[in-house]
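Reader: I'm new to this and would like to walk through a protein model with you. Can we take it one question at a time?

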Amino acid sequence: MIVIPAVDIRQGNSVMLKQGKLEDETVHSTDPVFMAKLWKAKGAERIHVIDLDGSFNGTTQNQEIIKKICESVDIPVQVGGGIRDMKRVDEIFKMGASYVILGTVAVYNPEIVRQAVEKYGSKKIIVAVDAKDGKVAIGGWKDVTPVSALDLIEKLKTFGVEEIIYTDIARDGMLSGPDFEGLKKISKSGMRIIVSGGITTVEDIIKLKEYEKDGVFGAIVGSALYTDNFKLEDAIRTLESMENKGK
């Protein structure tokens with residue numbers, strides 16, 4: 001189980017949104033590259049980078065910052081936001097990303113997901129399953145579709161996708177705790193799962209670790225780290241202690 005700090009970029013800043021709403025934005029740093037380096041220094045094993053401008057506008061907007069982040073840390077960086085064709089997938093990997101996250105395109109043009117997995121392999125392509133009341137949201141979460149999260153996951157499996165990020169968007173940025181009920185259903189899919197949205201305390205991380213046997217291996221944390229609800233290094237130490245006890 002790993003804790004993955006989020007670096008969400010909008011207009012060149014490292015920000016956090018509540019439930020994906022632009023009008024509910026908090027700027028935490030004017031230097032996203034510094035934030036990525038800071039999380040690496042504090043022990044992060046992977047960084048989660050989302051180009052929010054890209055998510056809302058449909059095409060990657062913060063290429064130079066993303067490239068600098070990938071060059072500045074020697075740990076894997078997973079990148080998403082506005083990646084909706086193979087040209088963008090190729091560009092993000094050329095910037096140095098270890099993983100590309102596809103989201104909206106998985107609903108309206110799933111053939112791109114199949115092509116990306118075919119070209120780069122199932123270990124390199126992650127699909128974001130962003131849900132509200134069990135239905136998939138797209139376009140920077142502006143639009144909730146009639147597509148069930150579980151149905152989308154089953155479709156993704158036919159394309160060879162092995163890893164997803166599951167986010168309950170109603171909880172994202174709200175510091176209200178993860179969607180454990182939804183996770184119970186998603187964890188039966190057989191996918192490798194990174195959980196995102198609402199993680200508030202180290203206790204939440206500990207509880208998520210209970211789902212490890214069902215494929216949950218990572219937790220993306222944003223607001224809780226930026227507001228000092230808990231420290232990344234404390235969460236890492238807690239997980240290491242649990243794993244050592246289990247040996």
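Reader: Okay, which elements do the buried residues of α4 pack against?

Author: Keep in mind that this is a predicted model. Start with who is buried in α4: M86, R88, V89, D90, I92 and F93. Those buried residues pack against α3 (63-72), β5 (77-80), β6 (99-102), α6 and β7.

Reader: Let's stay with α4 and α6. Are they parallel, perpendicular or oblique to each other?

Author: Two packed helices are described by the angle between their axes and the distance between the axes. Here α4 (residues 86-94) and α6 (residues 111-120) have axes 10 Å apart and an angle of about 40 degrees. An angle under 35 degrees would count as roughly parallel, and 65 to 115 as roughly perpendicular. That's why α4 and α6 are called oblique.

Reader: And how do the residues of the contact of α4 with α6 divide into nonpolar, polar and charged?

Author: The crossing of α4 past α6 is right-handed. On the α4 side, the contact uses M86, V89, D90 and F93, while α6 brings I112, Q115, A116, K119 and Y120. Sorted by type, the residues of this contact come out as six nonpolar, one polar and two charged.

Reader: What about the start of α4: how close does a side-chain oxygen of D85 get to the backbone nitrogen of K87?

Author: Look at both ends of the helix here. Just after α4, G96 has a positive phi of about 110 degrees. At the start of α4, the side-chain oxygen of D85 comes to within 3.2 Å of the backbone nitrogen of K87.

Reader: Moving on to R46. Is it buried or exposed?

Author: R46 sits in the loop between α1 (32-41) and β4 (47-51). Its relative accessibility is 5%, and the cut-off for buried is under 20%. So R46 counts as buried.

Reader: Then which side chain is joined to that of R46 by a polar contact of 3.1 Å?

Author: Leaving aside neighbours within four places in sequence, R46 is in contact with several residues, including I2, I75, Y99, E163 and F217. With Y99, the side chain of R46 makes a polar contact at 3.4 Å. The polar contact of 3.1 Å is with the side chain of E163.

Reader: How about S29: which residue's backbone nitrogen does its side chain reach?

Author: S29 is part of strand β3 (residues 21-29). With a relative accessible area of 12%, S29 is buried. Apart from neighbours within four places in sequence, its contacts are N13, S14 and M35. At 2.9 Å, the side chain of S29 reaches the backbone nitrogen of D31.

Reader: I also see D133 and its phi. What's the value there?

Author: Most residues other than glycine have a negative phi, and most peptide bonds are trans. D133 is in the loop between β7 (125-132) and β8 (135-138), and its relative accessible area of 73% makes it exposed. Its phi is positive though D133 is not a glycine, near 55 degrees.

Reader: And D228, what is its phi?

Author: D228 is found in the loop between α10 (223-226) and α11 (232-246). It counts as exposed, at 52% relative accessibility. Though D228 is not a glycine, its phi is positive, at about 65 degrees.

Reader: Last one: how far apart in space are N57 and G81?

Author: N57 lies in helix α2 (residues 52-57) and, at 53% relative accessibility, counts as exposed. N57 and G81 are 24 residues apart in sequence. In space, C-alpha to C-alpha, N57 and G81 are separated by 9.1 Å.

How values were computed. Residues are numbered from 1 along each chain as its sequence is written. This is a predicted model: local features need pLDDT of at least 70, side-chain atom pairs count only at pLDDT 80 or more; totals for chains, interfaces and linings use all residues. Side-chain values use heavy atoms; hydrogens and water are left out. Axes are lines fitted to C-alpha atoms, for helices over the stretch in contact, and angles run from 0 to 180 degrees between N-to-C directions. Helices (H or I, at least four residues) and strands (E, at least two) are DSSP runs, numbered from the N terminus. Angles under 35 degrees count as roughly parallel, over 145 as roughly antiparallel, 65 to 115 as roughly perpendicular and the rest as oblique. A crossing is left-handed if the near helix is turned anticlockwise from the far one by less than a right angle, and right-handed if clockwise. Contact means heavy atoms within 4.5 Å. Ala, Val, Leu, Ile, Met, Phe, Trp, Tyr, Cys and Pro count as nonpolar, Asp, Glu, Lys and Arg as charged, and the others, Gly among them, as polar. Buried means under 20% relative accessible area, exposed over 50%, partly exposed in between (1.4 Å probe, protein chains only). A polar contact is a pair of N or O atoms within 3.5 Å; within protein, one must be able to donate a hydrogen and the other to accept it, and residues adjacent in sequence count only if both atoms are side-chain atoms.
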